[in-house]
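Hi,

Here is the structure I promised to pass on. Have a look at it first, and then read my notes below.

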Amino acid sequence: MANGGIIGPVQTVTAASCQAEIITGFNSTGTLTTQPATTEISVLVVAGGGGGGAGPNVSYGGGGGAGGFRTNCAVPVSGASPYTISVGGGGSAGSNGTNSVFNPGGSEGTTMITSTAGGAGGNGGGPVGDAGSAGGSGGGGGSSSTAPETGPTANAGGSGTCGQGNAGGFGQHQPGVAGQQGGGGGAGQTGFNGCIPAPGTAGDGGAGSPVTSIFGSAPQPFYGPTNGVYSGGGGGMGNNAGTGGTGGGGNGGCSGGTAGTTNTGGGGGNGASGGPGVVLVKEAAVSIPAKAPGVWDMNTVYEFVKDGNWV
């Protein structure tokens, strides 16, 4: 017999195969369709960075805090698609960014991942400065352009969100020295304080965090200009302007700093916008075993033949 003595039609055996690894980057809101054999994914979710502090005088604004940074290397997916991806925008000067969300149909704490927007830098100038805003990472504190603000009375940096980022540094105005603003917090480091370590020096933004251990060594086409480091804080302004943190933080500047780098979640320098966030999704390679269908037993064959239904 053509099928080796087994009763029934000749069956087709599916050979073993491999589903390739794929990494998808989302620089804007969209949807994800996973490959057929994918049951678990690794995800990076970065929210939009906060804008640097603004008026009444941007020269006295703190650096923006970085967008919240979250990873999860074991997110279950069922094959249902598409999955919703929301990428948060960067905040304008003086404003928080926007949250980023990966939602595969679950609820927060199970499969949905929400990263909190970066906090804005504190506004500066005038008789008093403002504290930085809380966020994924907190914004740096602004300072007064006239009245001394030092030590415990300095304007605090905003707090960061546990597991997502760090606090911003404080801003202050020391007697005889122009106001020096705090740097925004980053995913991997707290923002630096104004006038620390030396009077006249603004706070640098806190450093971001790398994801190369999850998504592969740089360069990669989906990493962009920061080579796999995300969520750096923005620098504050002072006589010596603060530098943005690695991972997309904008630098401080005398009449306004630079914006956070696009799709890094970097905080903006004083008076500048934060960078939009990003979402990365990794589907690991999967080995698909060979498949052979079952065969008919004799009783089943007999019943089908008797009933005239055997094909």
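Before the sheets, one term: two strands count as paired if DSSP finds at least two bridges between them. Also keep in mind that this is a predicted model.

With that in hand, look for an open sheet of four strands, in the order β2-β11-β4-β5, where the pairing is antiparallel. Which strands stand at the edges? They are β2 (22–26) and β5 (69–76); each has a single partner strand, so one side of each is left without a neighbour in the sheet. From one strand to the next, the twist averages 15 degrees. If you zoom in on β4 and β5, you'll find six bridges joining these antiparallel strands.

The largest nonpolar core has 14 residues, and V43, F102 and V279 have the most contacts inside it. The elements that give two or more residues to this core are β4 (40–46), β6 (83–86) and β11 (278–283). β4 gives the most, with three residues. Another core lies apart from it and has 13 residues, including I23, V46, F69 and A187.

There is a second open sheet to find: four strands in the order β3-β6-β7-β8, with antiparallel pairing. Its edge strands are β3 (30–32) and β8 (113–115), each pairing on one side only. Here, too, the twist averages 15 degrees from one strand to the next. Inside this sheet, β6 and β7 (residues 100–103) pair in the antiparallel sense over three bridges, and T84 stands opposite N103 in β7.

A cis peptide bond joins G55 and P56, with omega about 10 degrees; P56 is in the loop between β4 and β5. Another cis peptide bond joins A218 and P219, with omega about 0 degrees. P219 sits in the loop between α1 (212–215) and β10 (229–230).

That loop between α1 and β10 also holds N227, which is not a glycine but has a positive phi, near 55 degrees. N263 has a positive phi as well, near 60 degrees, and its place is in the loop between β10 and β11. Are these two asparagines buried or partly exposed? N227 counts as partly exposed, at 39% relative accessibility. N263 is at 14%, and buried means under 20%, so N263 counts as buried.

Happy browsing!

Key:
Residues are numbered from 1 along each chain as its sequence is written. This is a predicted model: local features need pLDDT of at least 70, side-chain atom pairs count only at pLDDT 80 or more; totals for chains, interfaces and linings use all residues. Side-chain values use heavy atoms; hydrogens and water are left out. A nonpolar core is a set of buried Ala, Val, Leu, Ile, Met, Phe, Trp, Tyr and Cys residues joined through side-chain atoms within 4.5 Å. Buried means under 20% relative accessible area, exposed over 50%, partly exposed in between (1.4 Å probe, protein chains only). Axes are lines fitted to C-alpha atoms, for helices over the stretch in contact, and angles run from 0 to 180 degrees between N-to-C directions.
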